[in-house]
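Let's take a walk through this protein and see what its atoms can tell us. Have a look at the sequence and the model first.

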Amino acid sequence: MVTVRGNREDENGELLEEEVELWSRDPVECVKELIGNPSFKADMAYNPARAFSDPAGEHRVIDEMWTADWWAEKQKALPDGATIAPIILASDKTSLSQFRGDKTSWPVYMSIGNIAKAKRRQASARVTVLIGYLPAGKLDCFTPDARSLAGHRLFHHCMGLLLHPLIAAGNNGVDMVCADSWIRRVYPILAAYIADFPEQCLVSCCKENRSKERGEVLDSVMRDPERKNGQHPPEFEENGLHAIYKPFWADMPHSDIFLAFTPDLLHQIHKGVFKDHLVKWCVEIIGEEEMDARFKAIPDYPGLRHFKKGISTVKQWTGSLLAGAVPSRVLVVARSILDFSYYAQLQIHTAESLEALQAALAGFHANKDVLKELAIRDHFNIPKLHQLTHYARSISLFGAADGFNTELPERLHIDFAKEAYRASNKRDYEQQMVLWLQRQEAVFSRGRYLDWLLQEPAGGMDSRSHSISDSDSESDSTSEESEAAITRATPANKFAATHILAKTPSHPHQSVQNLVHAHGATDFLPALQSFLDTNLPDNTLIPGDHDRFDIYCQVVVVTPPAFQVSEVPMCRWVRATPEKLASERKPGIPARFDMALISVGPRTSHLRTLDGLRVGQVRAIFTLPRQFGEYPRALAYVELFTPFRARDPSSRMRQVSRSTRQLRRNAAVIHVDDIVRPCHLIPKMGESVAPRLIGGNAYEAANDFYLNDFIDVEMFCASVTII
C-alpha cells in the first residue's frame, strides 16, 4: 500500500490521505525466468552482433535488437564477459468495465531484447510478462487543480518502487543461469519503453504540447543537488515540464529515457499521421462526397475491406485514389506519408531502406506548404508528425520498429487485465485479479514444463496461421486446406512457390458456353488451341464446344518467406468466381475475377522486383479433359494487360491498360503456376468519379489503371525495388 497525502482538509483541518494499491513483482527475478527459460533457447542471443546480407560483409542489415547499435555501444561500457539483458518496458492504463462503470487498471509489462522479436510478438509465448499494477485511483484527496500533477508524481514514485531492483542489478550485474545452461553475469539495463504519446509525456515529465526532446533541461533540473523540492516551479513551466523532482529513471544505470521511446506504428502512423491527419486533409480538399465515391469505385481484393457506402475506417489507401482530384503536390504529400509508413513497417532494414525512409519524410516536408496554400493547415506543429523524425535513429539503435509496436501491450490487456477482471466479483478486484493470474501462470508453467520434457512446442497457436487470410464464403477451399498449403512448403521446396487447388473441382464438367457466358472467357477456344500448339505439339485433337472442363473457383498461392517482409510463408488467394444470382433465402454474390501478376519470363520465387511480370485478369481456372492426355498442371484463362508503363509523375504509381488484339481483349491460356501472386488495380478516375465506376464492376467499366503498390508490404517492396 502507498499512502498519499493530499492538499485538501477534512472537517478537523487535517490533510486528507488516501491509500492506493501497488502490485509488483521483482523485475530481476522476471529477467532470470525469461533468460533462463529453455523453451526460448533457439530464439535467444547473449552478445551484440553485426548481420550482413552478403558473404563479403558489405551490406549491413538491422532487424533484431542485438544487430543494432545500442547494444554494441553499451557493451563497451561494461566489464569483459558481461551479458546485457536489454529491458523493454510497456505501460498503458486501460478500462476494465464495459458499457458502464469506471473501473480501470494500469498494467506494466516487461520483456528482454535477448529474445527474438518474432517470439516477443507472440502473446501466447508469454515472453512479455506482467510485473505490476500501478495505482489508477482518482486521488480525491487533492483539489482539482493539483490532482493532475499529483497523479504524475504518484506514477513516478510507484514506478521507482517497482523498478528499484534494476538499479543495483544494472550497476553490479547478477549471475543467472541462461537458456543454454551457461551461467553468465547479466546486467539488466532499461533500453526501450513502449508507450503511446500521452504515456511518453508522462514518463518523460513533459507536457503534451511540448516536445520530449528537452531532455537536457529536464535532466539538469532533476539532478542539481542545490535545488530542493518545490523551489523552482517557474523553470519547469518555462520548459514545458511537470514539477517532478525525481523521476523513476533518474538513477537507472546506462539508460537514457529519451532515446528509449521507440517508434509506435499503431498510434503514431496508422491512427496518427495517416488516419487523423492525412485522410482528414484530403477529405477537406476534395469533399466528403467525392472521397466516398472514390472508395466505392475501388475494385474488390481478397482480404481488403470494400467501402460500399464510403469510408468510416481505412486500413489501406493509395495516392492514386486522389489522382486528378487534387493538385499534384498534394499527391506527392500523400505518397510521401504512405511511403514512410511502409518503409517503417519493414522487419529488416538496410542502409538503403533507412535512406529511403528519410527521403520519404523529406519529400513530405518539401511539399507540405501546399496544404497552407489551400488553407487546410496553418501550422505543422503536430507531435506525432514530429516523432517521425526519430524513426531512422531509433531503428539504427534498437532494431526494426515491428519489435516495439504498442499492438502487443494492447493485446496483453485482454489476458492480464480484462479477463482477470471478469473472473473477479468486481469488488476489491485487483487482489482477485492477481490471485487469478497466479493460478493461470502456474497452470501455464506446468504445461510448458511438460511440453519441454516431451520436446514439443509449448501452447499457443503457431505463428504461421497468422499469415492466412479468411477465404470468402463461396470459395472452394477450407481452412484445413489452407493449412495444408502452408505445410506443403516442406524444407525440400521451401524456397519455391506452391499453388494449391481444391481436392475436387467446384464445377465439374462445364461446357465451353458456360465458360463464355458465366466467366466472360469469350476467346477460350482460340486461346486454348494456341496453348496446345505450344505445349502439346503432338496433340491432334482440336478443342470444341463438345468438350467439358473441370472448373475451380480459386487457387491458393503459397509463397516462401520474403526478405524484409515476413519470416513465414504467405498464403494468398486468386479467385475466378462467376456471379451468383439471388435466391429466396440467399442474397446474390457478384462475380470476382481477380487480377494477378503473371510470369512472362524466368524469375526467382521471391517477388523482389516486377521485372518479367505482367498483369492479367484470371477468368477461369481449369484442368484439361482426359482426351488431351494426362496433363499434370492446372491451367488458367487470363486477359492480359499492357506491360507496365512509366510511373505517374505525382503519385509515382505504375500505369497499365487493357491489352487488345484486333479490337478484342488479349487473352491467353497459361499454367496456373505462372501466377506469381494476386495484385490490385485502381481505375483512373479523373477530377470526379464516373457513375459507371460506382454502379458496376470497375474492372469491366474502366480501361486505364494504376497498380496499387500499397496492397501489402511485399508488393510495396517489389515496386520500389529496395530489396
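In which loop is C205 found? C205 is in the loop between α6 (197-204) and α7 (215-223). Helices here are DSSP runs of H or I with at least four residues, strands are runs of E with at least two, and both are numbered from the N terminus.

## What you are looking at

This is a predicted model, so to speak of local features pLDDT must be at least 70, and side-chain atom pairs count only at pLDDT 80 or more, while totals for chains, interfaces and linings use all residues. Residues are numbered from 1 along each chain as its sequence is written, and side-chain values use heavy atoms, with hydrogens and water left out.

The protein chain has 24 helices and 29 strands. It has 723 residues, and 53% of them count as buried. Buried means under 20% relative accessible area, exposed means over 50%, and partly exposed is in between (1.4 Å probe, protein chains only). The chain exposes about 33700 Å², with carbon and sulfur atoms supplying 50% of that; the areas come from the Shrake-Rupley method with a 1.4 Å probe, and for residues only the protein chains shown count as cover. Among the contacts with a separation of 6 or more, 69% are between residues 24 or more positions apart. A contact means heavy atoms within 4.5 Å.

Most residues other than glycine have a negative phi. C205 is also buried, with a relative accessible area of 0%.

R126 is another residue other than glycine with a positive phi, near 60°. You'll find R126 in the loop between α3 (117-120) and β10 (129-133). At 27% relative accessibility, R126 counts as partly exposed.

Start at strand β1 (residues 2-9), which pairs with strand β2 (residues 15-20) in the antiparallel sense over five bridges. Two strands pair if DSSP finds at least two bridges between them. T3 has E19 in β2 as its bridge partner. Five residues lie between the strands of this hairpin, and G13 takes a positive phi near 80° there.

Elsewhere, three strands form an open sheet in the order β4-β5-β13, with antiparallel pairing. β4 (51-52) and β13 (349-350) are at the edges with a single partner strand each, so one side of each has no neighbour in the sheet. β4 and β5 (residues 60-62) run antiparallel and are joined by two bridges, with A51 standing opposite V61 in β5.

## Rings that meet

How many aromatic pairs does the structure hold? There are 23. The rings of F531 and Y631 have centres 6.1 Å apart and planes at 85°, so this pair is edge-to-face. Rings of Phe, Tyr and Trp (its six-membered ring) pair if their centres lie within 6.5 Å; planes under 30 degrees apart count as stacked, over 60 as edge-to-face and the rest as tilted. F531 lies in helix α21 (residues 524-535) and Y631 in the loop between β21 (613-623) and β22 (635-640), so the pair ties together parts 100 residues apart in sequence. F531 counts as buried, at 4% relative accessibility.

F549 and F622 make an edge-to-face pair too, because their ring centres are 5.7 Å apart and their planes are at 85°. With F549 in strand β16 (residues 548-552) and F622 in strand β21, the pair ties together parts that are 73 residues apart in sequence. F549 is buried at 0% relative accessible area, and F622 is buried at 0% relative accessibility. Ring pairs also link W106, F155, Y193, F248 and F261 into a cluster.

L515 belongs to helix α20 (residues 512-519) and is buried, with a relative accessible area of 0%. Leaving aside residues up to four places away in sequence, L515 touches G520, A521, F524, F549, I551 and A620. L515 and A620 are 105 residues apart along the chain, yet their C-alpha atoms are separated by 7.5 Å.

The charged end of R619 sits over the ring of F593, 4.8 Å from its centre. A charge sits over a ring if NZ of Lys or CZ of Arg is within 6 Å of the ring centre and within 35 degrees of the ring normal.
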